[in-house]
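Student: Could you take me through the salt bridges of this model, looking closely at where the partners sit and how accessible they are?

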Amino acid sequence: MLIFKNNIYDPKEFSAAGHIKSGDPDYDECFVPRHFLETALAEEEETTSFIGKQPPEFWEEDTLKFYPRAYKIGGLPILRDLLKILKKGLDDPTVWYKMNTYHFCFLFDVLARHSFNYNHDSLEERLNTLPELKGKLLKFELFVKNYFFNTVFLLDEEKYNSLSRQEKLDRGFDCPCQFGAINGLTPTREEMELKTSRDYPYSIFV
């Protein structure tokens with residue numbers, strides 16, 4: 001199970017303190033974050049398969065188009081591996097997994113594109129994709145605020161590297177591997193793997 005800022009697996013925790021409401025009670029009640037992630041990652045397999053079927057000389061151009069932030073951390077094989085790792089972690093019911101900035105950067109690109117496509121689909125197509133939303137538009141920015149610890153990966157290299165260590169901490173930029181992800185360093189095999197958490201990662205509400 002993947003660890004986000006809020007628990008995507010337990011509906012009882014969706015109303016926890018710090019969880020930002022959309023202003024639409026029906027949306028808040030109907031939105032299922034885990035299904036949103038499952039659907040997006042499943043669709044992403046089709047995207048990486050499509051890119052892989054193109055001549056290799058076009059892969060760099062295609063990854064730049066489909067992954068405007070994550071493209072610089074590696075080519076198609078790296079992105080494919082990240083996808084497999086995240087899908088496996090999402091569906092593993094026995095272990096809680098910590099993600100690093102490489103994972104969040106890749107997820108952001110995947111979910112942003114999935115949300116854009118969903119919101120521009122016809123009502124019928126939206127109902128087929130996420131029937132629980134009853135055709136309502138996805139609120140992607142709200143999802144990021146509720147489930148991403150930070151969006152440090154949206155900074156460019158110059159802006160990030162100009163910040164002092166304390167300035168980064170003051171902004172909550174403390175996610176592992178953020179320097180590498182922002183500066184376009186290809187992750188090692190160890191950096192691509194999810195880290196197991198020994199403890200339950202969320203507060204227990206009584």
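Tutor: **Salt bridges across the chain**

Eight salt bridges turn up in a search of the whole structure, a salt bridge being a side-chain nitrogen of Lys or Arg within 4 Å of a carboxyl oxygen of Asp or Glu. The model is predicted, so local features need pLDDT of at least 70 and side-chain atom pairs count only at pLDDT 80 or more, while totals for chains, interfaces and linings use all residues. Residues are numbered from 1 along each chain as its sequence is written, and side-chain values use heavy atoms, with hydrogens and water left out.

One of the bridges joins lysine 136 to aspartate 24, with the closest N and O atoms 3.0 Å apart. Because lysine 136 belongs to the loop between α6 (123-129) and α7 (140-147) and aspartate 24 to the segment before α1 (25-30), this pair ties together parts that are 112 residues apart in sequence; helices here are DSSP runs (H or I, at least four residues), numbered from the N terminus. Lysine 136 is partly exposed, with a relative accessible area of 26%, where buried means under 20%, exposed over 50%, and partly exposed in between (1.4 Å probe, protein chains only).

Another bridge, between arginine 189 and aspartate 81, has its closest N and O atoms 3.1 Å apart. This pair links distant parts of the chain, since arginine 189 lies in helix α11 (residues 189-192) and aspartate 81 in helix α4, 108 residues apart. Arginine 189 is partly exposed at 46% relative accessibility, and aspartate 81 is partly exposed at 21%. Through salt bridges that share partners, Asp81, Arg189 and Glu193 are joined into one network.

Definitions and conventions
Helices (H or I, at least four residues) and strands (E, at least two) are DSSP runs, numbered from the N terminus.
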